[in-house]
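Here is a short briefing to read alongside your protein. Keep the 3D view open and look up each part as you go.

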Amino acid sequence: MKKLMTVFLFVILTSFTTQKERAFDVGEYFKLRIHYGFVTAGYATLEVKEAVRNNKKIFHAIGKGYTTGMSKLFFKVDDNYESYFDKETGKPYQFVRKIDEGGYTKNQEGFFSQSEDEVTIKDYKNKTEKTFKVPDNVQDIMSTFYCLRNHPNVDKLKVGESISIDMFFDDETTKFKLKFMGREDIKTKFGTIPTMIFRPYVQAGRVFKEQESLTIWISDDDNKMPIRLKASLAVGSIKADLEAFKGLKYPFTVKVKP
């Protein structure tokens, strides 16, 4: 149970793709409510700010996940993920991972040298520093979300085809893969929204029933914003729905208003 909030934040940060034209800008903000039926378990937020590196303006993306109410009493989750990445290339310069998941904590920063294909991880909790070789154009967990939102092939996918990207996470590079399942109009608090449906490949085990037990709905417009997630778990199912947003770069497409 303690891992559910972490899983949802991970999926929210890595599970959406869009067109080559940049789908976001400084000021974009999403808030998703994670819940079992009508019971709220917690929230996840995503926000884009601006920072400066070497006299150059870059993106500073911040993702947070946390439990609330009774859920917080049973298992506390307070996660913070950040990424600093280039506005033109999307390549990350630095990431931050500071988490507390039921007493399991991490406090790390990663510094990328894209020219050397390396990332240096500073672990402040364990007072260690390690350098890892990584593939060209590798992303961190936060920059992956925004990189994939601008992937050039998403609108060309046929049902059953997949898209993937190299991502550095937990001291190793993994290939995060998404399979396109089709399109669907879904009812939300904002009205009926046309969406694209994806399923990420995840490892089966104690949390998920099977490899493809997650389903993600993203808006079928130029924003490609997260609308809904649903996970089939060994102990039932849990959902995340878009609760609030602001600062969209493009108009939000709603077929039928509430």
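Phe190 sits in the loop that links β10 (172-188) to β11 (191-200). Keep in mind that this is a predicted model, so each part comes with a confidence score, the pLDDT, which runs from 0 to 100.

**Around Phe190**

- Setting aside neighbours within four places in sequence, Phe190 is in contact with Leu242, Glu243, Ala244, Phe245, Phe252, Val254, Lys257 and Pro258.
- One of these partners, Pro258, is 68 residues away from Phe190 along the chain, yet their C-alpha atoms are separated by 6.2 Å.

**Strand β4 and its two partners**

- Is strand β4 (residues 77-85) mostly covered or mostly uncovered? Mostly covered, as 8 of its 9 residues are buried.
- With strand β3 (residues 56-67), β4 pairs in the antiparallel sense, and there are 8 bridges between them. In this part of the model, Gly65 has Asp79 of β4 as its bridge partner.
- With strand β5 (residues 92-101), β4 also pairs in the antiparallel sense, over 9 bridges. Here you can find Tyr81 standing opposite Arg97 of β5.
- β4 and β5 make a hairpin, and 6 residues lie between the two strands. Look in the turn for Gly90, which has a positive phi of about 80°.

**Salt bridges**

- How many salt bridges does the model have? The count comes to 13, and a few of them are described here.
- Arg149 and Glu28 form a salt bridge in which the closest N and O atoms are 2.7 Å apart. Arg149 is in the loop between α3 (141-148) and β9 (162-169), while Glu28 is in the loop between α1 and β1 (29-36), so this pair ties together parts that are 121 residues apart in sequence. Both Arg149 and Glu28 are buried.
- Lys87 and Glu50 meet through their side chains in a salt bridge, at 2.3 Å from N to O. Lys87 belongs to the loop between β4 and β5 and Glu50 to strand β2 (residues 39-53), so the pair ties together parts that are 37 residues apart in sequence. Glu50 is partly exposed, and its relative accessible area is 38%.
- Arg183 and Asp220 meet in a salt bridge too, at 2.8 Å from N to O. Since Arg183 lies in strand β10 and Asp220 in the loop between β12 (214-219) and β13 (226-233), the pair ties together parts that are 37 residues apart in sequence. Arg183 is partly exposed, with a relative accessible area of 49%, and Asp220 is partly exposed as well, at 25%.

**How confident is the prediction?**

- The protein chain has an average pLDDT of 86, and 86% of the residues score at least 70.
- Which element has the lowest mean pLDDT, and which the highest? Helix α1 (residues 4-14) is the lowest at 57, and strand β7 (residues 118-123) is the highest at 98.
- Across residues 203-210 the pLDDT is below 50, and this stretch has 23 contacts in the model beyond near neighbours in sequence.
- Where pLDDT is low, the predicted coordinates should not be read in detail.

Conventions
Residues numbered from 1 in each chain as written. Heavy atoms only, no water. pLDDT = per-residue confidence, 0-100. Helix = DSSP H or I, 4+ residues; strand = E, 2+ residues; numbered from the N terminus. Contact = heavy atoms within 4.5 Å. Buried < 20%, exposed > 50% of the residue type's maximum accessible area, 1.4 Å probe, protein only. Pairing = 2+ DSSP bridges. Salt bridge = Lys/Arg side-chain N within 4 Å of Asp/Glu carboxyl O.
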